Amino acid sequence: MDWSTQVGNVGNDQYDRRIEKLKQGGIDTSSIEKTVNQTIGNLKPGCGSSFVIFGEPQSGKTEMMIALNAKLLDEGRRIIVNLLTDSVDLLGQSLGRFRKSGLSPSPKNFDELPPNAKELKGKKWVIFCKKNARNLENLIELLRHESDFVIIDDEADYASPNAKVNKDAKTRINELITDLIGSDGHYIGVTATPARLNLNNTFDNVSELWIDFEPHPEYVGQDFFFPGGSSVGFKLHTFDIDEGSEKAELENAILNFLCGVAVLHKKGVDKNFTMLVHTSGKKDDHAEDMEVIHNTISALSNPTLAKFDSLVKRLEKVAVNHDAGESVDIVKFVLNNIDKNLIVEINSNKSSGKVADVAEPTSLFSFGAGGNIISRGVTFSNLLSMYFTRSVKGKFSQDTYIQRARMFGARNAYKEHFQLWIPKELLANWNKCFEFHKLAIEAMKSEAGAPVWLSDHKTTPTSSASIDRSSVDFEGGEMSFALFDFDESLHNQLMNRDGRTDKEMIESLGKILSKAEFPEFVQQYLINDVDKHKSKISFHKPSSFGTRAKTYSDIEKANVRRDKGIFATNEYARSERPTAKHHLKIFFNETSNARLFYKINGKAIQFMHNNK
């Protein structure tokens, strides 16, 4: 028998076996399968060499990436490079999950590869590499004899884009990844916040090939935590932050977390839980947060301390708020189990604890306090409470603050018990980040063309240094939706007010047009803005498009869309409400194909649209 044929021969069904194993574990794999199949389609010759997979924070992207690696191996890809942010903790969590999946070959960190480049020849490799200059330089040197491999860039909007795009130069990481891709490599960016990749033209990614990784059924995300209305379905605690109040608020949050864990255990949810504290990126602030947590837990753990009695009285009041009828049992549970705690300072200094200890909590009451790693990449299972006060002096970068929504995740089993502690002003700005982000993402999901990103005086989609000003239009951006058959009499009637309110007009238009033609997220956004901010909407009469303009191409006329926009400034003057904030108008072509266009009037809110 020729045993050489058996070396590494695991067959070409690793993907199918992985999907079947997930299904046996009760995991819904429909979104994973859809995304992997679309990705393989994008990689076919003649399609594209650079694109993005986007999905909400903590929505299961790592599991999707494991399945994608398996499928690529089945498809005959010999070398797959998985890039991660420059974090030992994130590398450890991701690499550990990949190895437990049973992939063959077993994933290797780049420094575990053979030192001689020739030893890589003829074998398959799944490689992990952090996005730092030294690691990338060494990996490029090691792969110098290889070609035609796939790069999967996790947290692709971090470090990979070129922050010197407007200076005719490249940042070092961007330059190195460009060299790694080479002339025949394929690049797949994976992120929850793709605005920077689009506006930066990172690795010339093609937005038409972008893939929406939909959340699994157990996922709880933006729609739950930022519903857009006045009420929420979880335990939201807002406060006015001032000097001297933050310590008391943090103590209160800790006591509520302890009681929340007790309540869940009384309901039969026998698990360990985590509380995250994210107040700053400064190490001195981390130390202050840690001191508050240590002192609170220490006082409740030792009846001989002077603070014990006063703290227990506060705990009793908190327990009543959680469940008045069971408050005594709640306090008893907390005090009986208070020694089952772990307090970890994350991403602060060399003596910091490992994030894994609270990401998958190993103690009943687990606490994590610290800096940037809390807000990017790491998945926190059984997170029950988040104390979040980290703000900025200037504009809020939407991609950064969306990544900091660590409360998102597989929390369906206990979502109504989740606790968020946040200053009122920060919550309002955070909500606006998600409001603008959702408009752009949902527009992409509805196949409405290239994404349009929104900004205002307080928020921006991403860092201004990363926006390629040679191709991004800051003025002409507008939203348009799916094509539909135009009925002039019907749509003239729909766009005439006839005494109807803005809300009634929106509802009437929404009944005639499909979700793709007038997405529900836009309808709800407009209705909320009318209700909350008393904004006005102008409904323009339909107009023909391209019948007289000689500068429009045949493709533009057929698509009823131009890169530079077709909603001219003088359109405002033609409406019944020229000064209205929101403007809706239908444009139609000679073959009665039409689109609904949406534009915001004024400089308060600005669209950004990449014309490249």
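## Basis of the model

In this predicted model, local features need pLDDT of at least 70 and side-chain atom pairs count only at pLDDT 80 or more, while totals for chains, interfaces and linings use all residues. Residues are numbered from 1 along each chain as its sequence is written, and side-chain values use heavy atoms, with hydrogens and water left out.

Helices (H or I, at least four residues) and strands (E, at least two) are DSSP runs, numbered from the N terminus.

## Nonpolar cores

A nonpolar core is a set of buried Ala, Val, Leu, Ile, Met, Phe, Trp, Tyr and Cys residues joined through side-chain atoms within 4.5 Å. Buried means under 20% relative accessible area, exposed over 50%, and partly exposed in between (1.4 Å probe, protein chains only). The largest nonpolar core has 143 residues, and Val81, Leu258, Phe367, Met407 and Trp430 have the most contacts inside it. Helix α9 (residues 246–266) gives the most to this core, with eleven residues. A second, separate core has 32 residues, including Leu439, Met495, Ile527 and Phe588. In soluble globular proteins, nonpolar side chains tend to be buried together.

Contact means heavy atoms within 4.5 Å. Leaving aside residues up to four places away in sequence, Met407 touches Val220, Phe225, Phe226, Leu383, Met386, Phe418, Leu420 and Trp430.

Helix α12 (residues 327–337) has the buried residues Ser327, Ile330, Val331, Phe333, Val334 and Asn337. Seen down the axis of α12, these residues fall within an arc of 160°, so they line one face of the helix; the arc is that of the directions from the helix axis to the C-beta atoms. Val328 and Asn336 are exposed on the other side of α12. The cover over the buried residues of α12 includes α9, α11 (308–322) and β11 (365–370).

Helices α9 and α12 pack at an angle of about 105°, with their axes 9 Å apart. Axes are lines fitted to C-alpha atoms, for helices over the stretch in contact, and angles run from 0 to 180 degrees between N-to-C directions. The two helices α9 and α12 are therefore roughly perpendicular to each other; angles of 65 to 115 degrees count as roughly perpendicular, under 35 as roughly parallel, over 145 as roughly antiparallel and the rest as oblique. From α9, the contact is made by Leu258, Cys259, Ala262, Val263, His265 and Lys266, and from α12 by Asp329, Ile330, Phe333 and Val334. These residues divide into seven nonpolar, one polar and two charged. Here Ala, Val, Leu, Ile, Met, Phe, Trp, Tyr, Cys and Pro count as nonpolar, Asp, Glu, Lys and Arg as charged, and the others, Gly among them, as polar.

The axes of helix α1 (residues 14–24) and helix α3 (residues 61–74) come within 7 Å and cross at roughly 150°. Helices α1 and α3 are therefore roughly antiparallel to each other. The contact involves Gln14, Tyr15, Asp16, Arg18 and Leu22 of α1, together with Glu63, Ile66, Ala67, Ala70, Lys71, Leu73 and Asp74 of α3. Six residues of this contact are nonpolar, one is polar and five are charged.

In helix α17 (residues 502–512), the buried residues are Asp502, Met505, Ile506 and Leu509. Seen down the axis of α17, they fall within an arc of 100°, so they line one face of the helix. An α-helix has 3.6 residues a turn, so residues three or four places apart point the same way.

## Backbone features in loops

Most residues other than glycine have a negative phi, and most peptide bonds are trans. The peptide bond from Ser104 to Pro105 is cis, with omega near 5°, and Pro105 is placed in the loop between α4 (88–100) and β3.

Ala159 lies in the loop between β5 (150–154) and α6 (172–181). Phi of Ala159 is positive, near 75°, and Ala159 counts as partly exposed at 26% relative accessibility. Asp168 is placed in the loop between β5 and α6. Asp168 has a positive phi of about 55° and counts as exposed at 78% relative accessibility.

Asn109 lies in strand β3 (residues 108–109) and is buried, with a relative accessible area of 11%. Not counting residues up to four places away in sequence, Asn109 touches Leu91, Leu95, Arg99 and Phe128.

Gly546 is in the loop between β21 (543–544) and α19 (554–559), and is buried with a relative accessible area of 9%. Gly546 and Phe588 are 42 residues apart in sequence and 8.7 Å apart in space, C-alpha to C-alpha.
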